[in-house]
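Good morning. Please have the picture open while I talk.

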Amino acid sequence: MNLRVLACCALASVAAPLSAHAFLDHAKPAAGAVLHAPPENVMLLFSDGLDPESNVEVLDASGHSVAAGRLMISGNCIMAPLRPLGPGKYRVVWHAVSIDDHRTQGAYEFVIKP
Amino acid sequence: MHMLPKGAVRAAALVLAAAITASPGQAHGVIGQRFFPATIATDDPFAADELAFPTVSWFDHETDVDFDYSKTILPGFAIEVGMGHVNAHEPGEPRARGFDNLKISPSVEVYRNPAHEFILTTGLEWSVGGIGSRSIAERSSTYTPTVKFGKGFGDLPDSLKYLRPLAVTGTVGYAIPGGGDEPKSIEWGGAIEYSLLYLQNNVRDEGLGRFVSHLTPIVEFAFSSPTRSGAGLTTGTINPGLIWSGQRLQLAAEAMIPLNRASGNGTGFIAQLHFYIDDLFPHSLGRPIFGGRQ
């Protein structure tokens with residue numbers, strides 16, 4: 001487990017407001033990013049605390065999941081570990097359920113260059 | 001006692017019928033991946049728990065301060081109550097000031113398509129005659145059945161991805177004065193907006209930072225067209241501006257540019273502080289009275 005990611009999630013949880021819509025605040029890899037090395041995970045940081053019903057999927061160009069294990073949801077952070085990825089275009093699809101049951105959703109793409 | 005005209009009764013019946021059969025809705029301004037901020041010169045198409053106070057405008061020798069509160073009764077069905085204070089000082093005329101008539105506006109979200117970021121809403125605005133100050137308000141009521149919509153362009157192809165943050169809203173209403181010889185009119189308008197939040201989160205992270213990414217550049221337009229020939233020109237304003245949307249409130253400011261000379265003189269200004277009641281009080285005031293939240 002990436003300790004920096006865990007630390008980030010813990011800090012974000014403390015900073016999270018009590019309840020509201022969970023809008024995406026920060027994403028890594030970011031929307032539209034062009035990477036030269038594959039990421040080990042996708043991490044999304046939201047503007048509010050998340051319910052465990054929240055989800056993120058990372059799909060390759062043919063629509064298959066490239067997840068490597070269970071999602072980690074902590075505070076307002078959600079992290080999806082990934083299999084070793086090859087070059088190509090990937091799509092991140094998320095839906096967030098805030099702790100007071102407001103629902104939001106989104107999607108974006110990133111590219112890994114050869 | 002004011003009698004409702006037949007057209008207004010029919011419109012109210014339609015609104016209520018739609019409320020009973022309406023599909024459940026989400027809270028303020030969210031449809032699919034899109035968040036629509038609340039527009040300030042025109043009604044947006046969401047039935048939500050929200051409070052706009054104050055909305056302050058300075059235009060054509062008149063200063064208005066308005067209050068609007070919208071409460072969801074059922075998911076997708078809300079009733080808005082609004083009132084405003086007017087201070088008008090036309091050159092060469094005595095100053096007129098006081099409260100305008102109370103407005104009561106039920107609205108129902110009749111169709112939602114999250115995949116295409118589309119929403120259609122019907123409503124009725126009832127401007128209750130005789131409530132406001134004699135020097136400002138009409139003595140008779142006006143009933144305006146209205147259709148409103150919102151459409152985000154997140155479904156555009158990759159080749160047009162920088163247009164995906166664009167969205168439009170629109171409203172068309174038929175104002176029926178309940179008494180006197182006032183002409184009927186079409187009240188219409190809308191907004192064209194570009195969401196920097198959508199750009200940042202769904203298209204490409206441009207590193208805009210927290211404050212800037214919550215801005216929505218917008219152009220609103222609000223027009224009134226009399227339907228009787230000889231009753232005058234279409235009047236209204238075109239309002240370019242900015243909306244900043246936070247987690248629980250938004251701030252908006254727009255210039256008001258008259259459409260023509262009949263619409264007024266000089267550029268005005270309108271600003272609004274708007275609270276998302278569903279986010280401020282998610283377990284009490286911010287929920288529909290019946291039916292819970294979807």
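Let me start with a question: over which residues of chain B does pLDDT stay under 50? The stretch is residues 15-25 of chain B, and the model has 28 contacts beyond four places in sequence for it. This is a predicted model, and a caution applies. Where pLDDT is low, the predicted coordinates should not be read in detail. For chain B as a whole, the mean pLDDT is 90, with 90% of its residues at 70 or more. For the complex, the predictor gives an ipTM of 0.84 and a pTM of 0.87.

Next, the place where the chains meet. On one side there are 17 residues of chain B, in contact with 19 residues of chain A. Helix 2 of chain B, residues 196-203, supplies the largest share of chain B's side, with 4 residues. By type, chain B's side has 8 polar, 5 charged and 4 nonpolar residues.

Let me stay with helix 2 of chain B. Is this helix largely enclosed or left open? Largely enclosed by the rest of the structure, because 7 of its 8 residues are buried. Among them are Leu197(B), Tyr198(B), Leu199(B) and Val203(B). The buried residues of helix 2 pack against elements from both chains: strand 1 (24-28) and strand 8 (103-112) of chain A, and strand 2 (34-35) and helix 3 (210-213) of chain B.

Strand 1 of chain A takes us to a sheet. Chain A has an open sheet of 4 strands in the order 1-3-6-5, with antiparallel pairing. Strand 1 and strand 5 (72-74) are its edge strands, each pairing on one side only. On average, neighbouring strands here are turned by 15° against each other, direction ignored. Inside that order, strand 3 (residues 41-46) and strand 6 (residues 77-81) of chain A pair over 5 bridges. One pair to find on the screen is Leu45(A) with its bridge partner Cys77(A).

Last, back to chain B. Strand 11 of chain B is mostly covered, with 7 of its 10 residues buried.

Notes
Residues are numbered from 1 along each chain as its sequence is written. Chains are lettered from A and ligands numbered from 1 in the order in which they are written. This is a predicted model: local features need pLDDT of at least 70, side-chain atom pairs count only at pLDDT 80 or more; totals for chains, interfaces and linings use all residues. Two residues are in contact if their C-beta atoms, placed from the backbone, lie within 7 Å. Helices (H or I, at least four residues) and strands (E, at least two) are DSSP runs, numbered from the N terminus. Ala, Val, Leu, Ile, Met, Phe, Trp, Tyr, Cys and Pro count as nonpolar, Asp, Glu, Lys and Arg as charged, and the others, Gly among them, as polar. pLDDT is the predictor's confidence in each residue, from 0 to 100. A residue is buried if 20 or more other C-beta atoms lie within 10 Å of its own, exposed if 12 or fewer, and partly exposed in between; C-beta atoms are placed from the backbone. Two strands pair if DSSP finds at least two bridges between them. Axes are lines fitted to C-alpha atoms, for helices over the stretch in contact, and angles run from 0 to 180 degrees between N-to-C directions.
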